[in-house]
Amino acid sequence: MHRAHVSHTDQVSLGILIILASVAALALGDATIKLISAEFSLWQIFALRSAFAMPCIILLAILAKRRLRPAAPGWVSLRALLLVTGWIAYYSALPWLDLGTAAVAVYTNPIFTALITAIALKERVTPLQWLGIVIGFIGVAVILRPTDAQFSWPLLGPIAGALLYALAMILTRSKCQSEDYVSLAFALHIAFILTGMIGLALNTWAPLPVSFSDQTPFLTTGWAAMAPNDWALMAGLGLLAMAFTLGVARAYQIAPPHIIATFDYGYVGFALVWGALFFSEYPDAQSILGMGLVISAGLMVALGARRHQSPLRRSLEG
């Protein structure tokens, strides 16, 4: 019987614990961002969250003797750009979506990853993965309700974010494989700070008409005054963001990607919990059906990789 290869150097249990802690931190941070989206713009959150995360990453690099400067700055910068753009698409929809629904939509990324690698990189996709791709898009259609009056346009934001995230992960596998995970996290937070500063500057010095900005204040307002507890909240978001960016990179380094990708879906469960606790959000029956289809599809895609590993995946795990 064919068995998935797991190197003796892999630390599977530790990798699973790290990814679960990481996605729990991410879900809590995203719930907090949704909670404060009426008070602060996305750009202010981006800039301050990463400003608090950066000193911690630099300290870690010094203590652990990790490298901050990337070996391939161009590819690392493109990766950061894809990720930041994807998070903009995801976060911009949070004020209008239940957290759990948005989480499921953004976790269509493994489906996009499998599809893109099959088309663009000519990697073989197993029958189980193809089945997952088909079921995943059916699940997305069930949640989107394209023929229903309840069709949710904001849900396209997390789906766009999933596509951009998939492109970033393919780039990570193909062009940034040898980069230090601390360097990747450092570059990403620099991109968040620059994006936040540009967004704040544009909304301050070139504001959109009030008729438009009133409808989307999360994206179209500038700097908002902050009380001491707000600064503490931003610092907390920074620590959560640092924990996630470092944790995910580390988990995928020390354990096989198909195993970590399976437990990566823990984010959806945590998002549903935070959504219920913070916002009393409970999905209806049709949404639950769509969520179940998407999660099942993602697991099929992730587990399908066990029976066929391309040279690219083997090089990543070796």
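Leaving aside its neighbours within four places in sequence, which residues is glutamate 281 in contact with? In this predicted model, the list runs Lys34, Leu97, Asp98, Leu99, Gly100, Gly275 and Ala276. To find glutamate 281 yourself, look in the loop between helix 13 and helix 14, the latter covering residues 285-304. Is glutamate 281 buried or exposed? Its relative accessibility is 11%, and because anything under 20% is called buried, glutamate 281 counts as buried.

Now let's step back to helix 13, which spans residues 266-279 and packs against helix 1, residues 12-36. Their axes sit 9 Å apart, at an angle of about 35°, and the crossing is right-handed. On the helix 1 side, the residues that meet helix 13 include Leu20, Val23, Ala27 and Lys34. Helix 13 answers with residues including Tyr267, Phe270, Trp274 and Phe278. Sorted by class, this contact has 14 nonpolar, 2 polar and 2 charged residues.

What about the inside of the protein? In soluble globular proteins, nonpolar side chains tend to be buried together. Here, the largest nonpolar core has 63 residues, and Phe46, Trp87, Tyr91 and Tyr267 are among those with the most contacts inside it. Helix 7, residues 156-175, gives this core its largest share, 8 residues. Take phenylalanine 46 as an example: not counting residues up to four places away in sequence, phenylalanine 46 touches Val84, Trp87, Ile88, Tyr91, Phe192, Thr195 and Gly196. There's also a second, separate core of 12 residues, with Ile57, Ala61, Val182 and Ala249 among them.

Note on methods. Residues are numbered from 1 along each chain as its sequence is written. This is a predicted model: local features need pLDDT of at least 70, side-chain atom pairs count only at pLDDT 80 or more; totals for chains, interfaces and linings use all residues. Side-chain values use heavy atoms; hydrogens and water are left out. Axes are lines fitted to C-alpha atoms, for helices over the stretch in contact, and angles run from 0 to 180 degrees between N-to-C directions. Helices (H or I, at least four residues) and strands (E, at least two) are DSSP runs, numbered from the N terminus. A crossing is left-handed if the near helix is turned anticlockwise from the far one by less than a right angle, and right-handed if clockwise. Contact means heavy atoms within 4.5 Å. Ala, Val, Leu, Ile, Met, Phe, Trp, Tyr, Cys and Pro count as nonpolar, Asp, Glu, Lys and Arg as charged, and the others, Gly among them, as polar. Buried means under 20% relative accessible area, exposed over 50%, partly exposed in between (1.4 Å probe, protein chains only). A nonpolar core is a set of buried Ala, Val, Leu, Ile, Met, Phe, Trp, Tyr and Cys residues joined through side-chain atoms within 4.5 Å.
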